[in-house]
Amino acid sequence: RASRQYTPSIRVVLLGSWIERRFKETQSLVKRLDAIQRRVKETSYIAIQNRVYAQYVMEQRSAKPTRLDIYSGNTVHLTQSACGRALLALKPDSEISALVRRCNAEVNDDRFKVKRTDTLRMIAEIRRDGYAKTTNVSSRVQGVGAIAMTFQLPGSSTALAVGVGATIVDLERKKDMILESLREFKRAFTD
């Protein structure tokens, strides 16, 4: 037994090649997210859906004292964030209605409960415009908002949302630049 040697076959090498591909995609995400943050000088982030939550998986925070202050791993109900609403817009209305009920059942503060009809009307606007926008939704920091849109990595069926958060004043002032930056980001993964 001590003399047995194992020589990996080409199968082992090929099976492991997906790791390198995914790592390169992650590096590209970080680089492109950083480019958004440097261009717009505001917090930029990527989020995914995790049950009834949008979960931030990457962020580049602004150095400004008043900012959308998020961290990788943080979660927020889908109905309470631009990234969550953008992700909701990809779903059929019946699924959105069920998610709204679940989000409302989980929130502790009635201020954060949403009406199904209002949400579906908002989702129709997001689908029409191609992006979601929120202002003053979070209880943590007033005077901030975000703009987000969805994208997919090549070869993946998982939807992600990329967004920029800023003070409401800066969000309005830089809206065109932010949307252009988010669309460039999205194009990089769809072209």
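Guide: Buried means under 20% relative accessible area, and exposed means over 50%. This is a predicted model.

Visitor: Is Cys103 buried or exposed?
Guide: The cut-off for buried is under 20% relative accessible area. Cys103 has a relative accessible area of 1%. That value falls under the cut-off, so Cys103 is buried.

Visitor: What is the relative accessible area of Cys83, and how many disulfides does the structure hold?
Guide: Cys83 is buried, with a relative accessible area of 0%. A disulfide is a covalent bond between the sulfur atoms of two cysteines. The number of disulfides in the structure is 0.

Visitor: Which residues touch the most other members of the largest nonpolar core?
Guide: This core has 29 residues. Strands E1 (43-50), E2 (53-60) and E5 (144-152) are among the elements that give two or more residues to it. So are helices H2 (82-88), H3 (93-106) and H4 (116-129). The residues with the most contacts to other members are Tyr45, Tyr56 and Cys83.

Visitor: Which element gives the most to this core?
Guide: Several strands and helices give two or more residues each, including E1 and H3. The top contributor gives 5 residues, and it is H2.

Visitor: Which residues does Tyr56 touch, not counting those up to four places away in sequence?
Guide: The list includes Tyr45, Ile46 and Ala47. It also runs through Ile70, Tyr71, Ser72, Gly73, Asn74 and Val76.

Visitor: Why are Arg38 and Asp34 separated by about one helical turn, and how far apart are their closest N and O atoms?
Guide: Both residues sit in helix H1 (residues 10-40). They are 4 residues apart there, so about one helical turn separates them. Arg38 is partly exposed at 48% relative accessible area, and Asp34 is partly exposed at 24%. In their salt bridge, the closest N and O atoms are apart by 2.3 Å.

Visitor: Glu95 and Lys91 meet in a salt bridge; which of them is buried?
Guide: The N to O distance in this pair is 3.8 Å. Glu95 has 34% relative accessibility, so it counts as partly exposed.

Visitor: How many residues apart are Lys133 and Glu172?
Guide: The two form a salt bridge, with the closest N and O atoms 1.9 Å apart. Lys133 lies in strand E4 (residues 132-135), and Glu172 in helix H5 (residues 168-173). The pair links distant parts of the chain, and its separation in residues is 39.

Note on methods. Residues are numbered from 1 along each chain as its sequence is written. This is a predicted model: local features need pLDDT of at least 70, side-chain atom pairs count only at pLDDT 80 or more; totals for chains, interfaces and linings use all residues. Side-chain values use heavy atoms; hydrogens and water are left out. A nonpolar core is a set of buried Ala, Val, Leu, Ile, Met, Phe, Trp, Tyr and Cys residues joined through side-chain atoms within 4.5 Å. Buried means under 20% relative accessible area, exposed over 50%, partly exposed in between (1.4 Å probe, protein chains only). Contact means heavy atoms within 4.5 Å. A disulfide is a pair of cysteine sulfur atoms within 2.5 Å. A salt bridge is a side-chain nitrogen of Lys or Arg within 4 Å of a carboxyl oxygen of Asp or Glu.
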